[in-house]
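Keep the model open beside you as you read.

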Amino acid sequence: MAAAAAAMASQGERAVLEEEFKWLLQEEVHAVLKQLQDILKEASHRFALPTSGSGGPVKQENFVLSTSGTDQVKGVMTLQGDALCQADVNLKMPRNNQLLHFAFREDKQWKLQQIQDARNHVNQAIYLLMNRDVNYQFKTGLEVLKLMDAVMLQLSRARNRLTTPATLTLPEIASSGLTKMFTPALPPDILVNFYINLNKLCFIIYQLHILQPSTTKNFKPTGGSVLHNPGAMFEFGSQRYEVSHVHKVECVVPWLNDALVFFTVSLQLCQQLKDKVTNLHSKVSYSTIVTLGELFVTLKKDMDSEVDEVAQALLQMVERQVPDPVVQAELIKEMAQRNANEACRRVILSLHLEPAPSLAQMIKACARKAELFSAPERNPGPAQPKSTAAVTPGPRKQPVPPQQLQHITYFQCKKTEHYGRDCPHNQKQKTNKQKN
């Protein structure tokens with residue numbers, strides 16, 4: 001039959017693409033997932049920093065705090081994983097050059113929430129990559145895309161926690177408890193804060209000026225910020241303050257830089273796999289659309305004009321060639337719009353989007369409304385006789401051979417050897433309508 005010949009036309013190309021897509025799902029996807037697991041495990045180990053074996057203690061690293069152009073703040077920080085376990089700071093007061101020395105109490109540690117969160121997101125990404133059997137096979141490209149989106153979300157969050165410090169108000173910094181970790185106790189006009197910015201550990205010291213009730217300054221509380229500037233005002237307890245000086249010192253943490261590189265490489269691998277799956281899937285889908293489009297045209301010529309029969313045949317062909325129901329729906333819409341003329345395309349685009357119309361609904365709508373949409377205007381005057389060219393847009397149908405009619409069953413009367421246009425029951429109904 002002509003339909004079978006049309007199906008054979010692109011079968012070879014489609015078979016090659018489908019075989020390549022199958023290899024991508026069964027082989028290359030698993031290789032990329034294994035590569036991602038290895039990279040992210042290495043990133044996770046950077047956060048833990050074990051000295052020997054998986055159960056060893058986390059080693060301590062000392063970092064010298066420094067800043068360019070001034071020596072007002074000097075210090076040494078000891079980082080152990082995600083915790084600051086020691087801090088030794090010297091601050092030279094700018095007004096009277098008084099030297100203040102303060103350090104962490106021996107029984108105190110300050111957890112860096114940014115490092116904790118980043119490590120948790122990395123471990124969640126590793127769990128997503130490993131949460132399946134060794135012999136698991138992906139069935140659709142959509143399944144791979146959803147996995148990559150979930151992994152990339154966790155990796156983006158991990159990277160953002162290190163690259164985007166939290167914005168805090170000055171009252172939030174004052175009430176954080178960090179000022180109570182030092183000995184001797186910090187004076188009431190000093191606030192301190194720690195945060196991670198990219199691969200650096202930053203230490204901020206705010207010197208405060210108490211605003212007296214008799215001051216003529218217009219008090220305007222400052223909102224949240226990563227780093228507050230001199231002149232920022234806030235109220236804490238029953239006292240109002242203004243920031244007079246800000247000192248920032250920092251140090252580079254090498255393994256944080258390594259972790260950021262691992263995040264970037266992993267995100268690139270995920271995106272490359274997504275692009276490859278999407279591009280190859282599009283080629284397979286386009287090949288299927290072209291083949292189904294040829295079948296669509298052939299069916300319109302060879303089959304009965306009853307839209308239900310045409311739609312049912314097309315739906316069966318889509319189901320046989322495309323197992324993924326989501327892709328089936330997209331192919332049906334694409335096929336209907338690609339093979340419609342301008343009038344029918346306008347009808348299809350005018351249908352409601354929610355819920356999405358089925359192929360049968362689109363064909364029925366075209367059968368009912370295409371003539372109305374294609375008419376340039378309505379003339380209320382007497383109808384003009386139609387020309388022969390308008391009535392007969394194409395070559396006349398050839399009669400169907402009797403041997404093919406043996407396999408035809410009309411869906412309404414359930415009898416064989418005829419189409420709907422030749423059904424005696426339909427002819428009888430038309431005759432009765434004309435008499436009435």
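**From one residue to the whole chain**

Leaving aside residues up to four places away in sequence, Phe63 touches Gly75, Val76, Met77, Leu79, Cys251, Val252, Val253 and Pro254 (contact means heavy atoms within 4.5 Å). This is a predicted model, in which local features need pLDDT of at least 70 and side-chain atom pairs count only at pLDDT 80 or more, while totals for chains, interfaces and linings use all residues. Residues are numbered from 1 along each chain as its sequence is written, and side-chain values use heavy atoms, with hydrogens and water left out.

Phe63 sits in strand 1 (residues 61-65); strands here are DSSP runs of E with at least two residues, helices are runs of H or I with at least four, and both are numbered from the N terminus. Is Phe63 buried or exposed? Phe63 is buried, with a relative accessible area of 9%, where buried means under 20%, exposed over 50% and partly exposed in between, using a 1.4 Å probe and protein chains only. Gly75 lies 12 residues from Phe63 along the chain, and their C-alpha atoms are separated by 8.5 Å.

Next, have a look at an open sheet of 4 strands, with antiparallel pairing and the order 7-8-10-9; two strands pair if DSSP finds at least two bridges between them. Strand 7 (190-197) and strand 9 (233-236) stand at the edges with a single partner strand each, so one side of each has no neighbour in the sheet. From one strand to the next, the twist averages 40 degrees. Strand 9 pairs with strand 10 (residues 239-252) in the antiparallel sense over 4 bridges, and Phe234 stands opposite Tyr241 in strand 10.

Now turn to the helices. Helix 3 (residues 113-130) and helix 4 (residues 141-163) pack at an angle of about 165 degrees, their axes 8 Å apart; axes are lines fitted to C-alpha atoms, for helices over the stretch in contact, and angles run from 0 to 180 degrees between N-to-C directions. Helix 3 and helix 4 are therefore roughly antiparallel to each other, a label used for angles over 145 degrees. Among the residues that make the contact are Ala118 and Leu128 of helix 3 and Val151 and Leu155 of helix 4.

Finally, step back to the whole protein chain, which has 13 helices and 10 strands. Of its 436 residues, 39% count as buried. Among contacts with a separation of 6 or more, 64% come from residues 24 or more positions apart.

Terms used:
Parallel < 35°, antiparallel > 145°, perpendicular 65-115°, else oblique.
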